[in-house]
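Notebook open, structure loaded. I want to go through the sheets, then the helices.

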Amino acid sequence: MSTVLAFDFGASTGRAIKAEFDGKTIQYNEVHRFENKPVYDADRLCWDFPYLLGEVKKAIEMCTDVDSLAFDTWGVDYGLLDENDKLIALPTNYRDTRTNGVPQKIFEKISPTALYTATGNQIMPINTLFQLTAEQEKNAKTLLFMPDLFAFALSGNKSAERTIASTSQMYNFASNDWDMAVASLSGKDTALLQNIIDSSTIVGAYKGIKVVKVAGHDTQCAIAAMPVTPGSIPAFLSCGTWSLIGCECENAVLTEKSMADELSNEMGANGLVNYLKNISGLWLIQEIRRNFKSMGKAYSFNDMEQLARQENAFVSFIDPDAPEFALPGNVPEKIQEFCKKTNQPVPQSDGAMVRIIYESLAMKYKFAISQITENTKKNFDVLHLLGGGTKDSFLCQMTANSLGIPVAAGPTEATALGNILLQLIALGDIKDIAQGREIIRNQENVKTYMPADTDAWNEAYIKFCNAVIK
């Protein structure tokens, strides 16, 4: 059996997880963790790729007898290579302001409806199409998404893994290939785009270690590790700083209603389409804790939960995805101002503000699931909550109460496990994702939260919609 090394990159940290598979179970542990801090290059906010690659190589040196390695990262961002296959500049961070106003320029050439029908992605300025349109570099010959760039740096292979390509707003779900007509709207040479290959493909080697393309988009790695029970109708919630909530579908949903509902289609590693909504996650809980600390209140997450539990339920709500909550700082004041302008009681205590965040997240999940149900006609009987949010029992229980269906929370390390099992498929140790999910279902700790007080939550949901959604 095999030993693999999974590199999992988030927006603030990178990790290397070593895993050994004995034919029945996967034993894994983190061997290296490092900071992933955006840097400025002139006036661009960037990713420090040389530093990150150096940390990758450190992790490889720390491990022995590894059969393969692979990378997953966030979506949409890329690096550009010159004619000598050298990285021209640091990859630009999706939070850079260069795409401000760019979608409107594209809409002079194609309508939003036509763009969505072609590519299926929620139209957001961060998407690769808009980044490429804003790109100033004119001598580039190759575009590689971030996980593909890491793989290239070790193996020399230039290709685009399918799941990460499908985040770009340039992937066509009808042809399962690049939409060159859409890509050309960027004004750049479409020859920049590399051939698309499937997940679980061995693309080369580094120091005798096979380099594998797994699901390059970390969300798709997490979903690959979803421990579904055969016969169920599952939805998923990949929950950390951000939440991606949705379901697996046979085909992309490309209707005007889907576009208006801001739902997105992405390719999964198993060939199914992951139909999802990208909404806020635990960002506000993390940020309000930082705000409290700056005010001399050093609450732990448990402290905040206990304060919230002491407050009355369903007093006021916010929209966690309102623009004012996207930027750091002053969350208590922003919550108070939101409640004031929506004619709701204004919270005064720390616990009340924390409870508002939790309840509003659970309500927004219900709103998203209702939209997904309308667009897919699927009636879900379980929500699989994956990732770091599984550690937050308060949110897990509220989500079950809000949705009115059981929440199966786990595994916490879903992204890393998805990366690992997709490598094991490439190496021939596991047949397919279905078998990998069975292994994870049998070995991982998955806690089920049953819904409670559903009548009260349903009544409060109407109040939430009237105050927030309108």
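First, my ground rule for strands: two of them pair if DSSP finds at least two bridges between them. Helices (H or I, at least four residues) and strands (E, at least two) are DSSP runs, numbered from the N terminus. I keep in mind that this is a predicted model, where local features need pLDDT of at least 70, side-chain atom pairs count only at pLDDT 80 or more, and totals for chains, interfaces and linings use all residues. Residues are numbered from 1 along each chain as its sequence is written, and side-chain values use heavy atoms, with hydrogens and water left out.

**Entry 1: strand E15 and its partners**

I looked up E19 (residues 382-386) beside E15, and the two pair in the parallel sense over five bridges. Ala 235 stands opposite Leu 383 in E19. With E16 (residues 242-249), E15 runs antiparallel, joined by four bridges. There I found Ser 238 opposite Leu 244, and the hairpin from E15 to E16 goes through two residues.

How many residues of E15 are buried? Six of the six in 234-239 are, so the strand is largely enclosed by the rest of the structure. I take buried as under 20% relative accessible area, exposed as over 50% and partly exposed as in between, with a 1.4 Å probe and protein chains only. Pro 234, Phe 236 and Ser 238 point one way, while Ala 235, Leu 237 and Cys 239 point the other way.

**Entry 2: the sheet around it**

I traced seven strands in an open sheet with mixed pairing, in the order E17-E18-E16-E15-E19-E20-E21. E17 (264-267) and E21 (447-449) stand at the edges with a single partner strand each, so one side of each is left without a neighbour in the sheet. Neighbouring strands here are turned by 30 degrees against each other on average, direction ignored. My angles run from 0 to 180 degrees between N-to-C directions, with axes as lines fitted to C-alpha atoms, for helices over the stretch in contact.

On the other flank of my notes, E19 and E20 (residues 407-409) pair in the parallel sense over three bridges, and Ala 408 in E20 is the bridge partner of His 384.

**Entry 3: helix H14**

Next I checked H14 (residues 393-403), which is mostly covered, with nine of its 11 residues buried. Among them are Phe 394, Leu 395, Met 398 and Leu 403. Just after H14, Gly 404 takes a positive phi of about 75 degrees.

Thr 399 is in this helix, and at 0% relative accessibility Thr 399 counts as buried. What does Thr 399 touch, leaving aside its neighbours within four places in sequence? I list Ala 362, Tyr 365, Leu 383 and Val 407, with contact meaning heavy atoms within 4.5 Å.

**Entry 4: H10 against H13**

I found the axes of H10 (residues 283-294) and H13 (residues 350-376) within 10 Å, crossing at roughly 165 degrees. That makes H10 roughly antiparallel to H13, a label that I use for angles over 145 degrees. The contact involves Leu 284, Ile 285, Ile 288 and Phe 292 of H10, and Asp 350, Met 353, Val 354, Ile 357 and Tyr 358 of H13.

**Entry 5: the other sheet**

Last, I followed six strands in an open sheet, order E3-E2-E1-E6-E14-E13, again with mixed pairing. E3 (26-35) and E13 (201-206) are the edge strands, each pairing on one side only. E13 and E14 (residues 209-213) run antiparallel and are joined by five bridges; Gly 204 has Val 211 in E14 as its bridge partner.

Technical notes
Parallel < 35°, antiparallel > 145°, perpendicular 65-115°, else oblique.
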